[in-house]
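Let's take a walk through a protein model together. Have a look at the sequence and the 3D view first, and then we'll go through a few spots.

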Amino acid sequence: MAENGEEETGSVEASGFSDVSDSELLEYLDLEDTQESSASLSKPGPSSELPGKDDKLTSLPKWKRGLDVSSPMERFHLKYLYVTDLSTQDWCEQQMVYGKELPGFLAPEKAAVLDTGASIHLARELEVHDLVTVPTTTKEDAWAVKFLNILSMIPVLQSEGRIREFPVFGEVEGVLLVGVIDELHYTAKGDLELAELKTRRRPMLPLEAQKKKDCFQISLYKYIFDAMVQGKVTSASLIHHTKLCPDKPLGPSVLRHARQGGFSVKSLGDLMELVFLSLTLSDLPVIDILKIEYIHQETATVLGTEIVAFEEKEVRGKVQHYMAYWMGHREPQGVDVEEAWKCRTCNYADICEWRKGGGVPSSILEPLAKKVK
């Protein structure tokens with residue numbers, strides 16, 4: 001059972017949140033070799049526009065910067081962020097922002113790679129449970145299916161079974177952060193292990209910069225999951241951020257599916273109460289081990305695995321820095337000069353203000369130019 005986001009109408013067709021892994025997309029940002037130079041941050045691009053759907057040029061919206069400007073959360077009409085939003089910031093924050101400003105701007109070959117990666121993840125998920133389509137008519141219905149997924153997985157974890165596509169959510173630095181854990185299972189020693197699957201178009205491991213991003217992503221998953229099972233995530237916080245109506249009756253399809261799972265509920269609030277009680281009273285442990293598995297898309301060959309050490313202080317520091325952008329406390333930043341090689345395969349290199357400013361936002365350069373005059 002699953003859902004595909006927060007649409008007002010539609011059907012649930014995949015489990016968890018729509019937090020699609022972008023590992024396959026960022027693979028294009030890796031280089032075949034390990035040389036990380038040759039790209040200049042200060043090199044201006046030939047155009048300040050991008051091609052639209054009909055091969056027309058699309059002007060990039062000008063940033064409205066200043067103390068009286070709304071935050072990016074407000075500007076992009078976001079109620080919450082995905083874990084992959086923050087992990088993409090770890091690769092290049094400016095690129096992530098352009099992705100929000102120009103939604104749908106994705107080369108066909110890159111979209112195909114993402115589709116292939118999603119198919120592999122789906123096949124893995126089907127190994128442990130079936131998917132059931134549940135028609136939804138409200139955002140409360142869509143979230144109800146998320147909660148039903150969690151309720152169905154908790155007993156499996158309690159019996160030391162294996163689960164995939166586990167939804168996680170929690171408030172981090174004042175912002176609701178949501179995501180989907182690829183897999184949770186217990187090792188032979190009884191440790192709870194998080195296993196993240198990353199598919200690769202080429203039969204080679206990613207560069208260290210990509211591994212760094214992936215490590216940050218799964219560290220965030222642990223941070224949120226641990227908070228959920230420790231009772232640190234509250235229904236009040238979730239309602240505050242999502243603007244859900246807990247007393248709103250659930251749709252007939254969702255109610256029928258809940259009854260089939262043995263849950264007698266009428267509203268989203270009933271389900272939320274069940275979920276939070278189950279999480280805190282189930283004695284589920286925190287995650288002990290973080291592992292990333294890289295596999296080749298075409299052959300399904302395992303290219304290698306990474307065991308990630310969870311460094312809470314480092315994770316919190318990064319989250320605070322990235323959230324400062326979303327809350328409107330600072331402007332977006334591009335890559336440092338040492339990582340300018342990432343720009344070579346970036347869709348937005350020609351219009352990037354960070355590159356044109358030599359690693360300084362254009363809004364800072366403009367006042368300086370006026371002073372010179």
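Which residues have the most contacts inside the largest nonpolar core? They are Leu-86, Phe-147, Phe-166, Leu-184 and Phe-225, and that core has 69 residues. A nonpolar core here is a set of buried Ala, Val, Leu, Ile, Met, Phe, Trp, Tyr and Cys residues joined through side-chain atoms within 4.5 Å. Buried means under 20% relative accessible area, exposed means over 50%, and partly exposed is in between (1.4 Å probe, protein chains only). The largest share of this core, 10 residues, comes from helix 5. Apart from this core lies another one of eight residues, among them Leu-102, Ala-349, Ile-351 and Trp-354.

Before going on, keep in mind that this is a predicted model: local features need pLDDT of at least 70, side-chain atom pairs count only at pLDDT 80 or more, and totals for chains, interfaces and linings use all residues. Residues are numbered from 1 along each chain as its sequence is written, and side-chain values use heavy atoms, with hydrogens and water left out.

Now zoom in on Phe-166. Leaving aside residues up to four places away in sequence, Phe-166 touches Ile-150, Met-153, Gly-179, Val-180, Ile-181, Leu-184, Phe-225 and Met-228; touching, or contact, means heavy atoms within 4.5 Å.

Next, some helices (DSSP runs of H or I, at least four residues, numbered from the N terminus, while strands are runs of E, at least two). The axes of helix 5 (residues 139-158) and helix 8 (residues 252-260) come within 10 Å and cross at roughly 10 degrees. That makes helix 5 roughly parallel to helix 8, a label for angles under 35 degrees. On the helix 5 side, the contact is made by Asp-141, Ala-144, Val-145 and Leu-148, and helix 8 brings Val-254, His-257 and Ala-258.

Helix 3 (residues 83-101) and helix 10 (residues 312-326) make another pair, with axes that come within 11 Å and cross at roughly 15 degrees. These two helices are therefore roughly parallel to each other as well. Among the residues in their contact are Leu-86 and Met-96 of helix 3 and Tyr-322 and Trp-326 of helix 10.

Finally, check out two loops. Most residues other than glycine have a negative phi. Yet phi of Glu-160 is near 65 degrees, and Glu-160 lies in the loop between helix 5 and strand 6 (163-172). Glu-160 is exposed, with a relative accessible area of 57%. Asp-283 has a positive phi of about 60 degrees, and Asp-283 is exposed, at 70% relative accessible area.

Methods. Axes are lines fitted to C-alpha atoms, for helices over the stretch in contact, and angles run from 0 to 180 degrees between N-to-C directions. Angles under 35 degrees count as roughly parallel, over 145 as roughly antiparallel, 65 to 115 as roughly perpendicular and the rest as oblique.
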